[in-house]
Amino acid sequence: MLPRACRRGIVTMASSSAGELPSSVSPALEFRVLAAQGRARSAAMKLPHHTALTPMFMPVGTQGTVKGLTSEQLQELDCHVILGNTYHLGNRPGADLVAAMGGLHEFIGWPRGMLTDSGGFQMVSLLHLADITEDGVTFQSPVDGSRMLLTPEQSIAIQNALGADIMMQLDDVVPATNTDPARFEEATHRTTRWLDRCIAAHARPGEQSLFPIVQGGFDVSLRAASIAALTARGAPGHAIGGLAGGETKDQFWRVVAQCAAGLPPGKPRYVMGVGYPLDVLVCSALGADMYDSVYPTRTARFGVALVDGGLIKLKNAAYARDGRPIDAACGCVACARVSRSYLHHVVTRGVPSAAVLVSMHNVAYMQGLTRRMRAAIAEQRFPDFVRGFLATMFPGRDVPQWVVDALDVAGICTQAVADRRPAHDFYDAVPSVPRVPLA
């Protein structure tokens with residue numbers, strides 16, 4: 001039985017036994033929730049090239065390739081969708097060349113799902129090289145210094161040529177650390193106007209799905225206005241943008257909770273730029289479905305492996321004589337064939353194969369984590385799975401306050417594994433979000 005503090009009689013959300021679950025059908029995407037528990041759900045998303053299962057982590061291949069891994073290896077690791085970046089691919093090798101080669105799937109030899117970002121994130125990552133106006137974003141190429149105007153129409157034209165299953169609208173991205181409320185308001189409304197231009201420019205709606213991106217910073221009313229405006233356009237799915245850019249974890253989870261609860265229940269919800277395992281777990285508990293980040297492969301190139309307990313920094317001398325695999329529960333090539341001792345040896349000497357092996361493990365770990373989450377939701381034991389994960393990652397019961405608060409809003413009691421207690425005001429700040437019973 002749950003502790004008394006976790007037993008509250010409050011509004012119940014849909015579960016897999018509560019009648020028909022949400023779904024939607026659009027020309028190039030079918031989405032069907034297969035099971036739900038609390039706010040979390042598992043779903044099938046049928047795309048032109050693959051049926052992806054969510055919650056789902058998507059490795060990032062900015063230049064059309066995930067660094068260190070082949071398309072065949074990504075398939076073997078059970079990746080359902082990978083990412084490409086419109087700005088970088090449009091810059092080199094160019095959308096026309098990729099289209100002439102049969103589109104991005106053929107160009108990189110990838111038969112499964114593909115998503116292309118719009119290039120909007122480069123407003124933040126290359127801000128010192130970019131000028132933003134109502135027309136679009138003018139970038140200075142970091143390669144040759146030439147100027148490139150990326151308009152909503154041009155972003156869609158490039159993405160239509162690349163041919164990804166899912167395309168993202170060009171949005172006006174404001175760094176999370178910006179302190180000017182007027183800039184966030186401008187960006188929120190401009191993102192809606194740019195969405196309309198993206199929709200008008202979209203030439204292949206029967207083959208590619210266009211996702212809007214919710215903006216609004218950390219202002220509850222701006223996020224609500226963005227959700228209302230974007231969902232009115234009837235898109236096949238939606239993204240939650242403006243995060244993973246330096247905000248506090250308390251700001252982060254609140255935005256995800258508000259947006260996930262406010263977006264249509266029968267359509268996919270994509271939290272952009274999220275790749276820390278704990279973040280993926282918490283966001284899934286709050287009702288999100290899709291995630292992407294360079295983190296698992298980037299951190300692998302520094303010799304850092306992901307496990308449920310946190311991080312294994314293979315450069316540390318403690319692993320020089322450690323004959324165990326990275327993770328005995330993992331079936332990837334790195335864990336099946338080599339030891340931590342060997343990986344310490346090659347990582348500390350900068351051997352190129354070290355990055356490949358650790359990248360394979362980290363991608364396998366993220367796919368395994370989301371697979372375990374899907375199974376736990378389907379079997380109606382997701383709260384127990386979450387508590388078990390936290391107990392492994394935080395054996396001293398020092399679960400961060402933001403995690404305790406976010407999971408309380410998700411309907412998951414953490415009292416059995418955490419010393420901290422919920423201390424948030426989320427429902428006062430966002431009264432439109434219904435409570436869920438704790439489990």
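Just after helix H13, Gly350 takes a positive phi of about 70°. The model is a predicted one, where local features need pLDDT of at least 70, side-chain atom pairs count only at pLDDT 80 or more, and totals for chains, interfaces and linings use all residues. Residues are numbered from 1 along each chain as its sequence is written, and side-chain values use heavy atoms, with hydrogens and water left out. Helices (H or I, at least four residues) and strands (E, at least two) are DSSP runs, numbered from the N terminus.

**The parallel sheet**

- S6, S7, S11 and S12 line up in that order as an open sheet of four strands, with parallel pairing. Two strands count as paired if DSSP finds at least two bridges between them.
- The edges belong to S6 and strand S12 (209-211); each has a single partner strand, so one side of each is left without a neighbour in the sheet.
- From one strand to the next, the twist averages 25°. For angles here, axes are lines fitted to C-alpha atoms (for helices, over the stretch in contact), and values run from 0 to 180 degrees between N-to-C directions.
- Strand S6 (residues 81-85) is joined to S7 by five bridges, and the two run parallel. Val81 has Gly113 of S7 as its bridge partner, while Ile82 stands opposite Met114 in S7.
- On to strand S11 (residues 166-168): two bridges tie it to S7, again running parallel. Leu115 has Ile166 of S11 as its bridge partner.
- Helix H6 (residues 152-162) lies across S7, S11 and S12, and runs at about 165° to S11.

**How S7 is covered**

- Five of the five residues of strand S7 (residues 113-117) are buried, so S7 is largely enclosed by the rest of the structure. Buried means under 20% relative accessible area, exposed means over 50%, and partly exposed is in between (1.4 Å probe, protein chains only).
- In a regular strand, side chains alternate between the two faces of the sheet.
- What sits on each face of S7? Gly113, Leu115 and Asp117 are on one side and Met114 and Thr116 on the other, all of them buried.

**The antiparallel sheet**

- Another open sheet has four strands in the order S1-S2-S3-S4, and here the pairing is antiparallel.
- Strand S1 (23-26) and strand S4 (51-54) take the edges; each has a single partner strand, so one side of each is left without a neighbour in the sheet.
- The twist in this sheet averages 10° from one strand to the next.
- S1 and S2 pair over four bridges in the antiparallel sense, and they form a hairpin with two residues between them. Val25 stands opposite Glu30 in S2.
- Seven antiparallel bridges join S2 to S3, with Ala44 in S3 as the bridge partner of Arg32.
- The S2 and S3 hairpin also has two residues between its strands, and Gly38 there takes a positive phi near 65°.
- Strand S3 (residues 40-46) connects to S4 through four bridges, running antiparallel. Met45 is partnered by Ala52 in S4.
- H14 packs on this sheet, touching strand S2 (29-37), S3 and S4, and its direction makes about 65° with that of S2. Contact means heavy atoms within 4.5 Å.

**Helix H13**

- Which residues of helix H13 (residues 340-348) are buried? They are Arg340, Leu343, His344, Val346 and Val347.
- The cover over those buried H13 residues includes strand S18 (310-313) and helix H14 (352-378).

**The H8 and H9 pair**

- Helix H8 (residues 220-231) and helix H9 (residues 249-262) pack at an angle of about 30°, and their axes are 10 Å apart.
- That angle makes H8 roughly parallel to H9. The cut-offs: angles under 35 degrees count as roughly parallel, over 145 as roughly antiparallel, 65 to 115 as roughly perpendicular, and the rest as oblique.
- H8 brings Val220, Arg223, Ala224 and Ile227 to the contact, and H9 brings Val255, Gln258, Cys259 and Gly262.
- By class, the contact of H8 with H9 has five nonpolar, two polar and one charged residues. Ala, Val, Leu, Ile, Met, Phe, Trp, Tyr, Cys and Pro count as nonpolar, Asp, Glu, Lys and Arg as charged, and the others, Gly among them, as polar.
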